[in-house]
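This briefing is for a reader meeting the structure for the first time. Please look over the sequence and the 3D view before reading on.

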Amino acid sequence: EGIVGYRTYLSFGIFMMTISYISIYSGKKLRIFPSIVSTLILVYFISLSFTYGNILSSQRKYEQLLVDDVYNNLSNNNTENKKVYVSGKIKTSHMTRSLYKLNGILMNINPIEPWTGRFMLHNLGINVNWTWNSIDTTAIEISNKEDAKVISNNDNYIIYKSGDVFSVIFK
């Protein structure tokens, strides 16, 4: 989509429509102060909408990249018909964190939930134990077993194997 996406075209159209509306319904002459105030308010909400769309897009791409990496690590270790437990939630991307600094209000409405990693792995065909709660204690219990072996470890997640059971913990 890039910087010139559908949101940009839509925002420009809404901006022009608002200016036209204000000029038509203000007694056939453009009132400067109401026009400026309404334009600034409109521009703020348009930029907020554009930023929110970029945050969602950036975060989903980042989540997909991490989940694909986890999937590849699990697939290389023959997880077919074996149970995989997932705990923790995927971190926010660098771009998402940067945009949060500009518009802190967006941090409260961006859906970064612990179950997204489970859902995405499940959709890729991994036999994930599906729960909606934030922390799957089974994944943590597996990682604490004596025979638990680290399969992959990086800044974003760690994968353990204990017997025929796998544990993925997002950091």
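The points below cover strands, helices and a surface patch.

This is a predicted model, in which local features need pLDDT of at least 70 and side-chain atom pairs count only at pLDDT 80 or more, while totals for chains, interfaces and linings use all residues. Residues are numbered from 1 along each chain as its sequence is written, and side-chain values use heavy atoms, with hydrogens and water left out. Helices (H or I, at least four residues) and strands (E, at least two) are DSSP runs, numbered from the N terminus.

**Strands**

- Strand β1 (residues 84–87) runs parallel to β4 and is joined to it by 4 bridges; two strands pair if DSSP finds at least two bridges between them.
- Val84 has Phe166 in β4 as its bridge partner.
- Strand β3 (residues 157–162) runs antiparallel to β4, with 6 bridges joining the two.
- Ile158 stands opposite Ile169 in β4.
- β3 and β4 form a hairpin with 2 residues between them, and Gly163 in the turn has a positive phi of about 65 degrees.

**Helix α3**

- In helix α3 (residues 94–102), the buried residues are Thr96, Leu99 and Tyr100.
- These buried residues line one face of α3, because they fall within an arc of 110 degrees when seen down the helix axis; the arc is that of the directions from the helix axis to the C-beta atoms.
- His94, Lys101 and Leu102 are exposed on the other side of α3.

- Phe33, Val37, Ile41, Tyr44, Phe45 and Ile105 make a nonpolar surface patch of about 630 Å².
- Such a patch is made of residues with over 30% relative accessible area and no salt bridge, its nonpolar side chains (Val, Leu, Ile, Met, Phe, Trp, Tyr) being joined within 5 Å; a salt bridge is a side-chain nitrogen of Lys or Arg within 4 Å of a carboxyl oxygen of Asp or Glu.
- Accessible areas come from the Shrake-Rupley method with a 1.4 Å probe.
- Ile41 lies in helix α2 (residues 32–75) and is partly exposed, with a relative accessible area of 46%.
- Arg60 is also found in helix α2, and counts as partly exposed at 30% relative accessibility.
- The side chains of Arg60 and Glu63 are joined by a polar contact of 3.0 Å (a pair of N or O atoms within 3.5 Å; within protein, one must be able to donate a hydrogen and the other to accept it, and residues adjacent in sequence count only if both atoms are side-chain atoms).
- Arg60 and Thr116 are 56 residues apart along the chain, and their C-alpha atoms are separated by 9.9 Å.

Methods: Patch = residues over 30% accessible without salt bridge, like charges linked within 9 Å, V, L, I, M, F, W, Y side chains within 5 Å. Buried < 20%, exposed > 50% of the residue type's maximum accessible area, 1.4 Å probe, protein only.
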